[in-house]
Amino acid sequence: CNGQHSIYGKTAEEVLEKLKTALKNAPERKTTSKGITLKEWWFKWLEIYKHDVRSTTMTTYKTIYNNYINKIESMSLNDFTVFNTSEFINSIQFERQKVRTYNYLNACFDKAVLLKLMKENPCKLFPRPKHKKINIRPLTVDEQDIFVKSIKGCIYESLYLTMLQLGLRVGEALALTREDLDFNQRLVRINKTYYHGTVGEPKTDCGNRFVPMIGTTYNILQQFIDLNPTERIFKNDVKCISKKLKEICEKNGIVGISTHSLRKTFATRLYELGVPPMQLQQWLGHADVLTTERIYIKLVPNSNKKWLNIANNILTFDTQKDTQMAI
């Protein structure tokens, strides 16, 4: 059945008809290979299309693969259907990771279809999962006072105060080394981030910046002056930092707060004091001032009274003189 066969006829037309009949009736040939697997294509895809991404981004790709995608790595690309792919995506418990896994698979499959390694991208055939973003708010002035008093003597006190007074992301704070501290100029250099146990580049190019040692940070950071130049200042675990902060806040009746709230508090408090958004943008390391204004600056209820008093002082006119003149 798999060997060579000869077809004869008196005319070319007769041979052609016999060939068509033979091909039509021939049994379907079985292939010995199922084609390229997801594992094989995934790493080739990363090598070709993602070789220039930031180290922190590559770490995220690896984390998603090791936690989720490796469960389906042995499947052939053409074995993926809308049914088994959507079932796999929906089996992921955490919404944020579900969205990331979908996005990565979708991009990976897109290139496979383009290179004709698979017929179609099954991710295109069902809705993209949605991730509801948590509204992270800043501390109010009263909450800030309570928080600062509550962390006295806490193992993370210096870290929390540094993040609060410099507006740092937790990864930026954990990546700080002794050589990043310029005590003469009173500046802190931000040029890296700590993510999943490794130190890499900042989140964006604008993340490379200098932030002045605002508030009490100069005194706080003095305790690390004798460290080796490349030694990290804060060697704490991210999960423990977040857990302790939440525990402290809840104990004092402060809800809806995370480590990122300290960064938002920094931006909000300085804006309330009159620091312009473009200056805050530089200190926060944002590429766009709109990000600073829309996401990080949150006017809290108590600040309305301050601005109302200022507005009243500016916009209160002396109408007595005008009235007398009209008479």
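Trainee: Let's start with a single residue. Where does Lys-116 lie?

Mentor: Lys-116 is in the loop between helix 5 (95-114) and helix 6 (141-150). Helices and strands here are DSSP runs, numbered from the N terminus: a helix is H or I with at least four residues, and a strand is E with at least two. Before we go on, this is a predicted model, so local features need pLDDT of at least 70 and side-chain atom pairs count only at pLDDT 80 or more, while totals for chains, interfaces and linings use all residues. Residues are numbered from 1 along each chain as its sequence is written, and side-chain values use heavy atoms, with hydrogens and water left out.

Trainee: Okay. Is Lys-116 buried or exposed?

Mentor: You read that from relative accessible area: buried is under 20%, exposed is over 50%, and partly exposed is in between (1.4 Å probe, protein chains only). Lys-116 has 74%, so it counts as exposed. Look at its backbone too: phi is near 60°, a positive value in a residue other than glycine.

Trainee: Now Arg-186. What is its phi?

Mentor: Arg-186 has a positive phi of about 55°, although it isn't a glycine. You'll find Arg-186 in the loop between strand 1 (181-182) and strand 2 (187-190). With a relative accessible area of 43%, Arg-186 is partly exposed.

Trainee: On to charges. How many salt bridges does the structure hold?

Mentor: Here's the idea: side chains of opposite charge can pair when their charged atoms come close. We call it a salt bridge when a side-chain nitrogen of Lys or Arg is within 4 Å of a carboxyl oxygen of Asp or Glu. This structure holds twelve. Take Asp-205 and Arg-54, whose side chains meet in a salt bridge at 2.5 Å, N to O. That pair links distant parts of the chain, 151 residues apart: Asp-205 is in the loop between strand 4 (198-200) and strand 5 (209-212), and Arg-54 is in the loop between helix 2 (38-49) and helix 3 (55-67). Asp-205 is exposed, at 59% relative accessible area.

Trainee: Which residues are linked with Asp-205 in a network of salt bridges?

Mentor: Arg-54 and Glu-201 join Asp-205 in that network.

Trainee: And what about Glu-172, is it buried or exposed?

Mentor: Glu-172 is buried, at 2% relative accessibility. Glu-172 lies in helix 8 (residues 170-175) and forms a salt bridge with Arg-169 (2.6 Å, N to O). Arg-169 is buried as well, with a relative accessible area of 15%. Not counting residues up to four places away in sequence, Glu-172 touches Ile-190, Lys-192, Thr-193, Arg-209 and Arg-263.

Trainee: One more pair: which residue forms a salt bridge with Arg-189?

Mentor: That's Asp-180, with the closest N and O atoms 3.0 Å apart. Arg-189 is partly exposed at 27% relative accessibility, whereas Asp-180 is buried at 2%.

Conventions:
Contact means heavy atoms within 4.5 Å.
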